[in-house]
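Hi everyone, thanks for coming.

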Amino acid sequence: MDIKNWVEVNLTRPSMFAKESKDWEILFGSVLWNIWIMRNSIVFNNPMEDNTGILERSRRMTNSINNANRERDQANKSQPIELVGPTVWLPPSEGWEKLNTDAARRNTDGKAACGGVIRYLNGKWRIGFKKFIGICSTMEAELWRVYTGLRCAWEQGIQQLIVEVDSLEAIQTLKNSTNKEGNITIIPYIRELINRDWNVRLQHV
């Protein structure tokens with residue numbers, strides 16, 4: 001068995017090697033990750049802040065992952081998700097391309113980031129982007145992802161673009177003729193982009 005298959009088996013069928021297979025695939029993956037981190041700290045002469053051993057760090061990581069999984073499962077049980085409509089990507093009309101974006105904001109410090117992808121009619125990936133926004137509100141993060149995606153599309157020379165956004169509030173804010181969110185400075189820049197010489201449709205999903 002070569003090393004690639006050995007790694008794959010440990011990650012997917014832990015009972016083949018481990019005496020106690022519970023959480024083995026998580027611990028095994030954590031050990032590999034920490035070995036890689038340690039290797040990089042030596043190669044690039046960048047001492048690690050955490051001086052504990054690889055196995056100890058890997059066990060802590062395994063515990064953190066298990067705790068996160070339990071919290072996720074508990075949240076899913078207490079707040080069941082109802083799926084409405086199709087859950088797959090739908091192609092745009094002939095002659096159009098589609099922009100899908102997402103943003104995330106960390107509640108602890110307010111830092112946010114966004115990313116997105118533009119695809120052709122056949123679903124083929126055209127270009128993607130990612131951006132660290134900084135400290136902002138949830139609404140600002142939602143709007144920054146639209147702005148960044150629009151700029152990316154404009155620079156690509158796209159003429160007809162559908163922008164799918166899962167925040168109805170963000171779409172309503174942009175379609176409103178007056179800026180009620182006066183403290184969000186990105187809004188006029190988004191509207192200026194939309195009003196350029198091309199066709200843009202904002203669409204809620």
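Here is something to think about while you look: is Asn100 buried or exposed? Keep in mind that what you see is a predicted model. Asn100 turns out to be buried, because its relative accessible area is 16%, and the cut-off for buried is under 20%.

So who are its neighbours? Asn100 sits in strand β1. Leaving aside residues up to four places away in sequence, Asn100 touches Trp89, Gly115, Gly116, Val117, Arg119 and Glu164. With Trp89 there is also a polar contact, side chain to side chain, at 2.9 Å. Glu164, for its part, is the bridge partner of Asn100 in β4.

Now let's step back to the whole chain. There are 6 helices and 5 strands. Starting at the N terminus, you would read them off as α-α-α-β-β-β-α-β-α-α-β. The chain has 205 residues, and 33% of them count as buried. Its accessible surface is about 13900 Å², with 53% of that belonging to carbon and sulfur atoms. As for contacts between residues at least 6 apart in sequence, 54% of them join residues at least 24 apart.

Next, the sheet. The 5 strands make an open sheet with mixed pairing, and the order across it is β3-β2-β1-β4-β5. Which strands stand at the edges? They are β3, residues 125-135, and β5, residues 199-204; each has a single partner strand, so one side of each has no neighbour in the sheet. From one strand to the next, the twist averages 20°.

Let me zoom in on β4. On one side, β1 (residues 97-105) and β4 (residues 160-165) run parallel and are joined by 4 bridges. As part of that picture, Glu97 stands opposite Leu161 in β4. Packed on the sheet is helix α5, residues 168-175, which touches β4 and β5 and whose direction makes about 140° with that of β5. β4 also pairs with β5 in the parallel sense, over 6 bridges, and Ile162 stands opposite Arg201 in β5. Why do we call β4 largely enclosed by the rest of the structure? Because 5 of its 6 residues are buried.

Take Leu143 as an example: beyond residues up to four places away in sequence, Leu143 touches Ala170, Leu174, Ile184, Ile186, Ile187 and Ile190.

One last stop, at a backbone detail. Most residues other than glycine have a negative phi. Asp23 is not a glycine, yet its phi is positive, at about 65°. You'll find Asp23 in the loop between α1 (3-12) and α2 (24-43). Asp23 counts as partly exposed, because its relative accessibility is 23%.

If you take one picture away, let it be Asn100, buried in strand β1, with its partner Glu164 across in β4.

Definitions and conventions: Residues are numbered from 1 along each chain as its sequence is written. This is a predicted model: local features need pLDDT of at least 70, side-chain atom pairs count only at pLDDT 80 or more; totals for chains, interfaces and linings use all residues. Side-chain values use heavy atoms; hydrogens and water are left out. Two strands pair if DSSP finds at least two bridges between them. Helices (H or I, at least four residues) and strands (E, at least two) are DSSP runs, numbered from the N terminus. Axes are lines fitted to C-alpha atoms, for helices over the stretch in contact, and angles run from 0 to 180 degrees between N-to-C directions. Contact means heavy atoms within 4.5 Å. Buried means under 20% relative accessible area, exposed over 50%, partly exposed in between (1.4 Å probe, protein chains only). A polar contact is a pair of N or O atoms within 3.5 Å; within protein, one must be able to donate a hydrogen and the other to accept it, and residues adjacent in sequence count only if both atoms are side-chain atoms. Accessible areas come from the Shrake-Rupley method with a 1.4 Å probe; for residues, only the protein chains shown count as cover.
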